[in-house]
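Reader: I'm new to this one. Could you show me the structure and tell me what the labels rest on?

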Amino acid sequence: VFEFVMSAPKPPNRVQSTGGNVSGLASRVQRSTVFDLDPRLEEVRERITARVSRYEKWLTDIAASEGGMEVFAEGWNTFGFHRGPDGSLAFREWLPAARQVFMIGDFNGWNHSSHPLVRETLGRWRIGFRGGGEPGHASRVCLRVETPSGEWVERVPVWSRATAPDSDGNLVGVHWWPPYPYVWRHSRPARPHNLRFYEVH
């Protein structure tokens with residue numbers, strides 16, 4: 001697999017590198033000499049090809065729906081709580097396998113069905129708040145999700161700005177949206193001449 005990746009031609013433009021043109025990637029993997037170099041991979045050839053095919057499909061879908069991988073990777077601009085130009089509050093979460101999603105929390109008395117999210121493209125779910133009734137600053141929120149098997153689970157929103165334990169000690173999200181934005185007391189440090197990594201995962 002590494003031999004194939006290293007020998008693959010470099011994408012000629014930005015559109016292709018973000019998933020605009022990935023056609024034939026799985027077939028190139030199927031014909032790759034990596035299977036000749038390591039005969040042990042032959043027994044998992046179909047699995048490798050299937051995974052690359054799924055990867056190829058996701059890149060194509062992301063390019064069509066989001067405009068490219070770079071845009072899709074900037075999830076902080078889309079997911080979690082955001083206010084629109086008119087001041088209305090909206091929330092998005094990425095749950096591609098969910099059958100139903102509801103937001104529960106202090107704001108609605110932890111009602112399991114009063115605030116459903118609507119499915120959007122590419123696994124996104126959204127709920128908008130207009131005319132009041134939105135979660136207030138520092139209020140606790142959680143998502144109630146129906147899984148493909150029909151099981152109901154509660155989960156912390158991935159893009160929560162804060163979390164806190166509930167009365168049972170379970171972690172829940174906190175809608176952190178102070179009425180006044182934080183005012184920085186110090187100026188931004190100068191950019192160093194060399195790239196430095198503090199921590200990598």
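Author: Strands themselves are DSSP runs of E, at least two residues long, numbered from the N terminus. This is a predicted model, where local features need pLDDT of at least 70 and side-chain atom pairs count only at pLDDT 80 or more, while totals for chains, interfaces and linings use all residues. Residues are numbered from 1 along each chain as its sequence is written, and side-chain values use heavy atoms, leaving out hydrogens and water.

Reader: How do you know that E1 and E2 pair?

Author: Four bridges join E1 to E2 (residues 89-94), and pairing takes at least two. The two strands run antiparallel.

Reader: What is the order of strands in the open sheet?

Author: There are four strands, in the order E1-E2-E5-E4, with antiparallel pairing. E1 (80-83) and E4 (118-119) each have a single partner strand, so one side of each has no neighbour in the sheet.

Reader: Why is His 175 called buried?

Author: Buried means under 20% relative accessible area, exposed over 50%, and partly exposed in between (1.4 Å probe, protein chains only). His 175 has 2% relative accessibility, so the residue counts as buried. His 175 sits in strand E9 (residues 171-175). Beyond residues up to four places away in sequence, His 175 touches several others, including Phe 81, Leu 89 and Pro 135; contact means heavy atoms within 4.5 Å.

Reader: And what makes Val 153 partly exposed?

Author: Val 153 has 29% relative accessibility, so the residue counts as partly exposed. Val 153 belongs to strand E7 (residues 152-155). Its C-alpha atom is 9.8 Å from that of Val 101, 52 residues apart along the chain.

Reader: What makes a set of residues a nonpolar core?

Author: The members are buried Ala, Val, Leu, Ile, Met, Phe, Trp, Tyr and Cys residues, joined through side-chain atoms within 4.5 Å. The largest such core here has 15 residues, and Val 101 and Met 103 have the most contacts inside it. E2, E3 (100-105), E5 (124-129) and E6 (139-146) each give two or more residues to this core. Apart from it lies another core of five residues, among them Phe 35 and Leu 41.

Reader: Which is Trp 159, buried or partly exposed?

Author: Trp 159 has a relative accessible area of 38%, so this residue is partly exposed. Trp 159 lies in the loop between E7 and strand E8 (162-165).
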